[in-house]
2 protein chains.
Amino acid sequence: MNQNYLELQGSYLFSEIAKRRTKFVQENPNADIISLGIGDVTRGLPAAVVQAMHAAVDEMAQPGTFRGYGPEQGYDFLVQAIIENDYKSRGVDIQLNEVFLSDGSKCDVGNIQEIFSQDAVIAVQDPVYPVYVDTNVMAGRSGKFNRETNRYDNIEYLECNADNNFKPALPKRKVDIIYLCYPNNPTGMTLSKEELKVWVDYAKANKCIILFDSAYEAFIQEADVPRSIYEIEGAKEVAIEFRSFSKTAGFTGMRCAYTVVPRELKGYDKDGNELLVNDLWNRRHTTKFNGVSYVTQRGAAAIYTPEGKEQVKSIIDYYMTNASIIREGLKSIGLQVYGGVNAPYIWLQTPNGVDSWSFFDRLLSEANIVGTPGVGFGQSGQGYLRLTAFGSRENTERAVERIQKLKL
Amino acid sequence: MNQNYLELQGSYLFSEIAKRRTKFVQENPNADIISLGIGDVTRGLPAAVVQAMHAAVDEMAQPGTFRGYGPEQGYDFLVQAIIENDYKSRGVDIQLNEVFLSDGSKCDVGNIQEIFSQDAVIAVQDPVYPVYVDTNVMAGRSGKFNRETNRYDNIEYLECNADNNFKPALPKRKVDIIYLCYPNNPTGMTLSKEELKVWVDYAKANKCIILFDSAYEAFIQEADVPRSIYEIEGAKEVAIEFRSFSKTAGFTGMRCAYTVVPRELKGYDKDGNELLVNDLWNRRHTTKFNGVSYVTQRGAAAIYTPEGKEQVKSIIDYYMTNASIIREGLKSIGLQVYGGVNAPYIWLQTPNGVDSWSFFDRLLSEANIVGTPGVGFGQSGQGYLRLTAFGSRENTERAVERIQKLKL
């Protein structure tokens, strides 16, 4: 068996949360739990999406309109809509063969490391979405886990904390692959164009590839925050971008995302010869993946219609109002909070420096609220807790009231 | 970049077929092409599936019934139906935590190798579904490609040819992982229970794991042909089974499959300590995958209702009648054909020993029929061509008539 799996630490963060929650519910069957934990949406799908999916299901019922295997990279009708609406409208020129539809950004950010060398040195932000780290552990790039530092020996951690306003410094040693996530999960913080340009320039100068996870792009409200890394000059030569319909359009249960791999992006073989990263990813994608459900793709395309756009905006506004309720509600009782302005995540500093899991347990037992312990995202998340804006308005308001009543 | 990718040979088989077809159509725009090439279904989805999917889409429209992230391993309603109908009904006892829903068997058989050691020696049938080989090449297990033998140095090839009636001999050297596909793609041939037992016993005696691809199980007509490897005593200790809704229920465009990893199945770390394969696969699956579309899962569950079962049977019967038309039609002009009895594939020996791609080109240019060149599945496929029974009745009949008119 793959020995690298033995280096994985504990179980996946959300499994541990679910376990503690289940235990609490078993012991307190009448508790009225409000989850602001896992970043999962709760609103229904936009009406335009529902309509498009019904139509697609009907197409699948008849031999004349039935669709079997589609292109692994996605149907042109959807890829074209993505290019027009997500890129061309922002002045970014992306070609059809640079977009790869998939069944989720979790899969894409997990699978992308396969095309890199086993020796590639990776850098991640800390705190970080655990999938970036775990998939590299499985591939043998992490080195040993160090219990004292709570980190892997061969991974470069880019600390994001209140001192640097959650904007990490450049790597201290030569790295090959840099995972950046903006708007950030879990901190909810963003970079300006100027700040992101520093990373693009660094990657160009140091032959790094940036893996830019932009799953929360739809929540950006401020004008100076880049929606795509390709808004930065030269980024197509150094960056792969991941986007998802999950949070944008409520597709967490539908499964649709995409990854952009520009043809300008070069990698190197062991002799230093240039390779087109796009070619390698295309080979990986066509060999190990068989396309996204046709019904799902039709649903995704509907968010780019005028009605779809309006409905998506209204859902995003709903969640961002929740974010503001949490943010302002917690600030009003003197808590230190970050994020929640351009992202559906609020990054709460635990009161009195208590550790993340203790505060998680206290919120669960005293307020019956499930959050996500910051330390689950890495050592720099210790002393923080992530709350999400994806609940219903009513639950969000009740949750804030309950926290306000705690003696913190 | 991952240097192993440079060992991959040519482009993926079906891409090459598509390229030649496109070229022919450009040069002969009026040609009336019939494709019996890619193994893709053409009938509409069963009515019970369509109905269930409409209902699920409606559920997704409202916050009260909306479903976000589901369990990565699949919803219990579907896993339970699989266990009851596909296993319990055949006397096989499978538990909920042994079944892993996914978006396709191509993904599962491609991803499964990740949990094995880099040093694991793999054996594949020859001819073989290219994904088994290519995914191991990408992982660095194949060794160099040898142009003289048309094979990779470190892969053990189990020859399947007319001499052994497409039933391979046991490996000549110690191997760790054995890929078996029955009913076989591409030959359409099967093993009896006694014949499959030889492999299970061999795997037990030699600490091998069998990866049993059973994507075409629904097409089995003969009583003695096992539908699951777990019908063989002891198989749960040595085998992982892959099943798919793609061919069974026309889901190639919907994306749903499952993999069974019994808790009895043990692997070994480098020191010889036992590991539960189920644990490793569960970790891989929950880390890199986020579940199958809820709408698709509801559709899949509907094939286990009484109406669904009847509708699926009628579609399978339709395709198997096509298989019989091809098989008998080609035999009647003296061609040597295999398969097509318990599988939707007919494995045609090319006349006069002509090579596979030449016969492919001749069928395309003279009869305007697209088949799949046997050599695309491996060196032992040279001199064969695969035809599929997935076309419409009319096209199947016309294709056979056209072949009968050729001077072969």
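1. Which domains does the domain assignment of chain A give? In this predicted model, the assignment gives domain 1, made up of 3–44 together with 309–405, and domain 2, which covers 51–304.

2. The C-alpha centres of domain 1 of chain A and domain 2 of chain A lie 25 Å apart, and the contact between them takes 34 residues from domain 1 and 47 residues from domain 2.

3. The size of an interface is often given as the accessible area lost when the parts come together. Between domain 1 of chain A and domain 2 of chain A the buried area is about 3400 Å², and carbon and sulfur atoms give 59% of that area.

4. Turning to polar interactions, the count between the two domains of chain A is one salt bridge, while 19 residue pairs are found in polar contact across the interface, with both residues of each pair at pLDDT 80 or more.

5. On the side of domain 1 of chain A that touches domain 2 of chain A, at least two residues each are supplied by the helix α10 (306–331) and by the strands β13 (337–339), β14 (345–349) and β17 (384–388). The element that gives the most to this side is α10(A), with five residues. Sorted by class, the side of domain 1 that touches domain 2 has 19 nonpolar, 11 polar and four charged residues.

6. A specific pair to look at in the model is E7(A) and K144(A), whose side chains meet in a salt bridge with an N to O distance of 3.0 Å.

Conventions: Residues are numbered from 1 along each chain as its sequence is written. Chains are lettered from A and ligands numbered from 1 in the order in which they are written. This is a predicted model: local features need pLDDT of at least 70, side-chain atom pairs count only at pLDDT 80 or more; totals for chains, interfaces and linings use all residues. Side-chain values use heavy atoms; hydrogens and water are left out. Domain bounds come from an automatic or database domain assignment. Contact means heavy atoms within 4.5 Å. Buried area is the accessible area (1.4 Å probe) that two parts lose on being put together, summed over both. A salt bridge is a side-chain nitrogen of Lys or Arg within 4 Å of a carboxyl oxygen of Asp or Glu. A polar contact is a pair of N or O atoms within 3.5 Å; within protein, one must be able to donate a hydrogen and the other to accept it, and residues adjacent in sequence count only if both atoms are side-chain atoms. Helices (H or I, at least four residues) and strands (E, at least two) are DSSP runs, numbered from the N terminus. Ala, Val, Leu, Ile, Met, Phe, Trp, Tyr, Cys and Pro count as nonpolar, Asp, Glu, Lys and Arg as charged, and the others, Gly among them, as polar.
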